[in-house]
Amino acid sequence: MSQEKKIASVDEIDDPGSKGLSIDLDDEKLGLFIVKKDSQISVYKNSCPHTFGPLDWMPDQFLDLDNQYIQCANHGALFEINSGLCIYGPCKNQSLKTLPFKIKNNHIYLLV
Ligand code: FES
């Protein structure tokens, strides 16, 4: 049975905007990020399919300048915000790993 772990409130993330965080699971740390655009929330593991390193080079900065795509700061890969599919860059056609979550009382809960 999965557990719910509160990771953020919906209102603390700009729209469009993103937030990175790291949470402690039983025996590992999990880096993840949340994206909000057009009131839709997405949650991804902070691991680029190109090198498996984190995407951000500045805190909470996961979107491109136009806020149209998720952008990896390392080699510029672009990912669709809603699906996590890479549409440009060295990992084209690969995807970010989505993380299951639910929203309850205006808070985002990761299902772990
Ligand atoms: S590490 Fe993300 S594009 Fe290379």
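How many bridges join β8 to strand β9? The legends below start there.

View 1. Four bridges join β8 to β9 (residues 107-111), and the two run antiparallel. Strands here are DSSP runs of E with at least two residues, numbered from the N terminus, and two strands pair if DSSP finds at least two bridges between them. Look for Ile103, which stands opposite Ile108 in β9. The open sheet has three strands in the order β1-β9-β8, with antiparallel pairing. β1 (4-9) and β8 (101-104) are at the edges with a single partner strand each, so one side of each has no neighbour in the sheet.

This is a predicted model: local features need pLDDT of at least 70, side-chain atom pairs count only at pLDDT 80 or more, and totals for chains, interfaces and linings use all residues. Residues are numbered from 1 along each chain as its sequence is written, and side-chain values use heavy atoms, leaving out hydrogens and water.

View 2. Asn46 sits in the loop between β4 (40-45) and β5 (69-71). Not counting residues up to four places away in sequence, Asn46 touches residues including Phe33, Leu55 and Phe62; contact means heavy atoms within 4.5 Å.

**View 3. The largest nonpolar core.** Of its 15 residues, Phe33, Leu55, Ile70, Phe79 and Leu96 touch the most other members. Such a core is a set of buried Ala, Val, Leu, Ile, Met, Phe, Trp, Tyr and Cys residues joined through side-chain atoms within 4.5 Å.

Key. Buried means under 20% relative accessible area, exposed over 50%, partly exposed in between (1.4 Å probe, protein chains only).
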